Amino acid sequence: MDLKVAVVCSSNQNRSMEAHSILSKKGFSVKSYGTGSAVKLPGSSPNQPNIYPFDTTYEQMYQDLYQKDPHLYTQNGILHMLDRNRRIKPRPEKFQGAKEKFDVIFTVEERIYDTVLEDISSQGQVSYIPVHIINLEIQDNHEEATLGAFQILELCELMRTSHDLENEIEEILQDCEAKYSRTLLHAVAFY
């Protein structure tokens, strides 16, 4: 079964883009999104993040941060992350209002999971095509983003090889919960 997959985090920078990168390299049809009001990246101090509108390109963010402090943003991995992102797509995308339909949507925080469910529900059911929404809690740092991306890849591979996803998904998720020692949230919504 070919899966159309979306991965959603807050700013469409770290967690969703790491999974986007890994899934696309493995041949999955994948898109990534953010649900925040703006794109936020770490700044020179915790209370001074760099904030950009969603229509700012990854290239523009890269150049801005490089001009501000190339040493800091190289050392903390932000320039490396933006370099990866700009090779995948031009700019971050907001999930709310996205028109594309997916078989499965992965979220990386419970509040993002709630936002995705709310957004899909508010669109009204038109075609009654199911979408599985799965939350896998992933801390927003480079190491956890990589680990979480590989766990999302494993889930996608198990779903892709399933002969009857609708009847097997609960067992797939339970097996992965036990393996990862993480609780996964799961809901089915309809487009």
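Side chains of opposite charge can pair when their charged atoms come close.

The structure shown above is a predicted model, in which local features need pLDDT of at least 70 and side-chain atom pairs count only at pLDDT 80 or more, while totals for chains, interfaces and linings use all residues. Residues are numbered from 1 along each chain as its sequence is written, and side-chain values use heavy atoms, with hydrogens and water left out.

Let me begin with the salt bridges, of which the structure holds 14. One of them joins Arg86 to Asp83, with the closest N and O atoms 2.9 Å apart, and both residues lie in helix α4, three residues apart, which is about one turn of the helix. Helices here are DSSP runs of H or I with at least four residues, strands are runs of E with at least two, and both are numbered from the N terminus. For exposure, buried means under 20% relative accessible area, exposed means over 50%, and partly exposed lies in between, using a 1.4 Å probe and protein chains only. Arg86, at 27%, is therefore partly exposed, and Asp83, at 22%, also counts as partly exposed.

Now consider Arg84, which forms a salt bridge with Glu18, the closest N and O atoms being 2.5 Å apart. This pair links distant parts of the chain, since Arg84 sits in helix α4 and Glu18 in helix α1, 66 residues apart. Arg84 counts as buried because its relative accessibility is 12%, and Glu18 counts as buried at 14%.

Next, let us turn to helix α6. Which residue caps the N-terminal end of α6? That residue is Asn141, whose side-chain oxygen lies 3.2 Å from the backbone nitrogen of Glu143; a polar contact is a pair of N or O atoms within 3.5 Å, and within protein one must be able to donate a hydrogen and the other to accept it, while residues adjacent in sequence count only if both atoms are side-chain atoms. The helix has 19 residues, 142-160, and at 1.5 Å a residue it should span 27 Å, which agrees with the 27 Å between its end C-alpha atoms; the expected span is 1.5 Å times one less than the number of residues. Among the buried residues of α6 are Ala145, Leu153 and Met159.

Finally, Tyr128 is found in the loop between α5 (110-122) and β6, and Tyr128 counts as exposed because its relative accessibility is 53%.

Notes:
A salt bridge is a side-chain nitrogen of Lys or Arg within 4 Å of a carboxyl oxygen of Asp or Glu.
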